[in-house]
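We'll start with charges and then work our way to the aromatic rings.

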Amino acid sequence: MRRNDGDRLSVRRWLPPLIWAGVILAGTSLPQNAVPVQTSSIDKVLHFSIYAVFAFLLSRQISEGSDRWRAAALAIVIAAAFGAADEWHQRFIPGRSTEFADWVADCIGASVGALAFVALRRGDRSRAITSE
């Protein structure tokens, strides 16, 4: 059964990626002295992980109206743009800075998260076909 556009655009359905985006912004809006001391390697793992989850959630929601590959590609673009905007916004937070390497970690994480969604969705379709 195909959902109508009203269901796809429902704010409630978009809550998981919207809440996650809020979590990202809240975390990156903290001044540096409020953030636990991190080494640069842990910092990149955090960026990777946070954006992998974000792109997965975006892919899941976007796929309600399109195929899984298109959803994943769009999720990567959205997450990369959000990551770039977030890095820029950190220039204005005391003690924080903009780092290209952080954005690269965001983009790689987003790609992995979106591709994980594609792989999991493929598995769902295979099970659905075999159970019919």
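How far apart are the closest N and O atoms in the salt bridge that Lys-44 forms with Asp-102? This is a predicted model, and in it the distance comes out at 2.5 Å. The two partners sit in distant parts of the chain, with Lys-44 in helix H3 and Asp-102 in helix H5, 58 residues apart. Asp-102 is buried, at a relative accessible area of 4%.

With Glu-99, Lys-44 makes a salt bridge of 3.4 Å, N to O. Glu-99 belongs to the loop between H4 and H5 while Lys-44 belongs to helix H3, so this pair ties together parts that are 55 residues apart in sequence. Then there's Asp-43, whose salt bridge with Lys-44 has its closest N and O atoms 3.0 Å apart. Put together, the shared partners join Asp-43, Lys-44, Glu-99 and Asp-102 into one network. As for accessibility, Lys-44 counts as partly exposed because its value, 22%, is not under the 20% that buried requires. Asp-43, at 14%, is buried, and Glu-99 is partly exposed at 34%.

Now look at a charged residue without such a partner. Arg-68, in helix H4, is buried yet has no salt bridge. The nearest side chain of opposite charge is Asp-67, and that one is 7.2 Å away. What Arg-68 does have is the backbone oxygen of Val-118, 3.2 Å from a polar atom of the Arg-68 side chain.

On to the nonpolar side of things. In soluble globular proteins, nonpolar side chains tend to be buried together. Here the largest nonpolar core has 16 residues, and Tyr-51, Phe-54, Leu-58, Ala-79 and Phe-82 have the most contacts inside it. Helices H2, H3, H4 and H5 each supply at least two residues of this core. Click on Leu-58 and you'll find that it touches Trp-14, Pro-17, Ala-75, Ile-78 and Ala-79, leaving aside residues up to four places away in sequence.

Finally, the rings. The structure holds six aromatic pairs. One of them is Tyr-51 with Phe-54, edge-to-face at 6.1 Å centre to centre and 85° between the planes. Both lie in helix H3, three residues apart, about one turn of the helix. Tyr-51 is buried at 2%, and Phe-54 is buried at 3%. Trp-88 and Phe-92 also pair edge-to-face, at 5.0 Å and 75°, but Phe-92 is exposed, with 54% relative accessibility.

Note on methods:
Residues are numbered from 1 along each chain as its sequence is written. This is a predicted model: local features need pLDDT of at least 70, side-chain atom pairs count only at pLDDT 80 or more; totals for chains, interfaces and linings use all residues. Side-chain values use heavy atoms; hydrogens and water are left out. Rings of Phe, Tyr and Trp (its six-membered ring) pair if their centres lie within 6.5 Å; planes under 30 degrees apart count as stacked, over 60 as edge-to-face and the rest as tilted. Helices (H or I, at least four residues) and strands (E, at least two) are DSSP runs, numbered from the N terminus. Buried means under 20% relative accessible area, exposed over 50%, partly exposed in between (1.4 Å probe, protein chains only). A nonpolar core is a set of buried Ala, Val, Leu, Ile, Met, Phe, Trp, Tyr and Cys residues joined through side-chain atoms within 4.5 Å. Contact means heavy atoms within 4.5 Å. Lys and Arg count as positive and Asp and Glu as negative; His and the chain ends are not counted. A salt bridge is a side-chain nitrogen of Lys or Arg within 4 Å of a carboxyl oxygen of Asp or Glu. A polar contact is a pair of N or O atoms within 3.5 Å; within protein, one must be able to donate a hydrogen and the other to accept it, and residues adjacent in sequence count only if both atoms are side-chain atoms.
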